[in-house]
Amino acid sequence: MSSSAFGIDLGTGNIKIYNDMDGTIMREKNMIAIINKTTLFAYGDAAFDMYEKAPGNIRISYPLTNGVIADIKDMQTVLRSFVNDLTQKGKYNGADFYISVPKDITEVEKRAFYDLIRDANVKAKKIMIVEKAIADGLGLDINVKTSQGVMVVNVGFDTTEISILSLGGIVLSKLIKTGGQKFDEAIRNAVRKEYNLIIGGKTAEKVKISLSSENAPEDGIIVYGRDIVTGLPVERKIPTDLIETSLNENTNSIIDNIKLILERTPPELAADIYRHGIYLTGGSASLRNLDRLINRGTNLKVNLTEDPISTVATGLARIINEDEFRPLAYSIEGMSPHR
Ligand SMILES: Nc1ncnc2c1ncn2[C@@H]1O[C@H](COP(=O)(O)OP(=O)(O)OP(=O)(O)O)[C@@H](O)[C@H]1O
Ligand SMILES: [Mg+2]
């Protein structure tokens with residue numbers, strides 16, 4: 001019997017785990033709730049449900065910040081809890097772990113992902129690292145081993161990773177601190193400034209997501225919040241164009257960074273990038289008009305995909321299951337992919 005395996009995309013907002021035993025991808029919030037300083041109270045979506053609502057003795061936090069591990073102990077607890085949940089049925093004798101990491105972080109930060117799994121008490125037999133953008137490309141059904149000049153832009157929660165892939169490697173990569181969370185903050189700030197209204201982060205995210213839904217309201221979106229002047233809870237209709245305008249600064253920063261990478265791309269790859277267009281992934285790829293804005297800013301075609309939140313985990317699944325792609329994962333000892 002071949003050994004079982006997990007493919008883990010540790011996002012700052014969502015953790016996605018591909019489980020080789022049943023071929024499914026689990027997705028939950030990457031959050032932890034600790035009660036009375038030391039005791040685990042909830043994790044994942046259950047912790048998120050309490051976020052912004054819990055009393056002072058419950059600390060709720062994201063263990064990852066800006067794509068790197070901010071609290072290793074919390075992250076281990078969350079990971080261990082999910083692996084326990086996934087392995088409850090049947091006997092678990094350990095598994096191989098494939099974890100995706102951003103390219104543009106330090107070797108020490110990369111190593112922390114390895115240490116995390118090694119020390120999380122999840123019976124890891126083998127720990128393999130995969131560059132996140134490589135997994136993203138595979139999840140998009142691109143043969144990253146043979147393709148040249150592929151640009152992938154993954155817009156997540158805390159970060160956006162812009163990468164140029166070619167022949168199984170990453171030619172250029174930049175991780176910027178802009179993503180869904182910044183969009184939510186921008187909406188909150190605009191609503192406070194224009195309407196003297198304080199709304200929570202969850203409300204801002206709901207507004208953002210309903211804006212990008214197919215049947216988005218034309219004129220405005222109703223929100224509930226607290227009026228700064230009266231201090232009372234109120235209901236207000238926020239015009240959609242105010243919401244859209246509030247996002248400009250952040251979307252522009254993504255576009256500027258894409259251009260910066262394009263300017264640095266070796267000319268031999270530029271033709272391929274032009275032909276393929278840009279591939280947009282990550283949960284925030286669904287943000288209304290983001291594809292159109294990037295297209296307008298770069299003059300390149302922008303490709304969207306059905307389930308942009310899961311492409312990295314789907315790519316990890318392919319690395320686990322397809323012999324051809326397995327060499328794209330590497331062990332930390334060497335710290336560089338053997339191709
Ligand atoms: N329909 C939608 N429209 C706009 N944003 C969306 C939509 N659906 C999800 N999002 C946003 O996607 C983000 C989460 O995406 P994802 O899971 O890819 O991030 P992550 O992997 O956790 O973060 P990172 O890659 O930055 O570490 C959240 O900010 C969420 O609000
Ligand atoms: Mg991500």
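Begin at ligand 1: its shell is made up of four nonpolar, 15 polar and three charged residues (Ala, Val, Leu, Ile, Met, Phe, Trp, Tyr, Cys and Pro count as nonpolar, Asp, Glu, Lys and Arg as charged, and the others, Gly among them, as polar). You are looking at a predicted model, in which local features need pLDDT of at least 70 and side-chain atom pairs count only at pLDDT 80 or more, while totals for chains, interfaces and linings use all residues. Residues are numbered from 1 along each chain as its sequence is written, and chains are lettered from A and ligands numbered from 1 in the order in which they are written.

Stay with the ligand and select Gly11, Gly13, Gly156, Gly180 and Gly283, which come nearest of the 22 residues around ligand 1 (a residue is near if its C-beta atom, placed from the backbone, lies within 6 Å). Now show helix H5 (180–195) and helix H6 (201–212), the elements that give two or more residues to this shell. H6 gives the most, with four residues. Helices here are DSSP runs of H or I, at least four residues, numbered from the N terminus.

Next, colour by domain: domain 1 is 5–137 + 311–331, domain 2 is 141–178 + 248–303 and domain 3 is 181–242, with bounds from an automatic or database domain assignment. The C-alpha centres of domain 1 and domain 3 are 31 Å apart.

Now select helix H8 (residues 248–264) and helix H10 (residues 290–298), which pack at an angle of about 45° with axes 10 Å apart (axes are lines fitted to C-alpha atoms over the stretch in contact, and angles run from 0 to 180 degrees between N-to-C directions). H8 is therefore oblique to H10 (under 35 degrees is roughly parallel, over 145 roughly antiparallel, 65 to 115 roughly perpendicular, and the rest oblique). To see the contact, show Thr251, Ile255, Ile258, Lys259 and Leu262 of H8 with Leu290, Leu293, Ile294, Gly297 and Thr298 of H10; contact puts C-beta atoms, placed from the backbone, within 7 Å. These residues divide into six nonpolar, three polar and one charged.

Finish at helix H4 (residues 132–139) and helix H11 (residues 311–321), packed at about 85° with axes 6 Å apart. That makes H4 roughly perpendicular to H11. Among the residues in this contact are Ala135 and Leu138 of H4 and Leu316 and Ile319 of H11.

Terms used
Contact = placed C-beta atoms within 7 Å.
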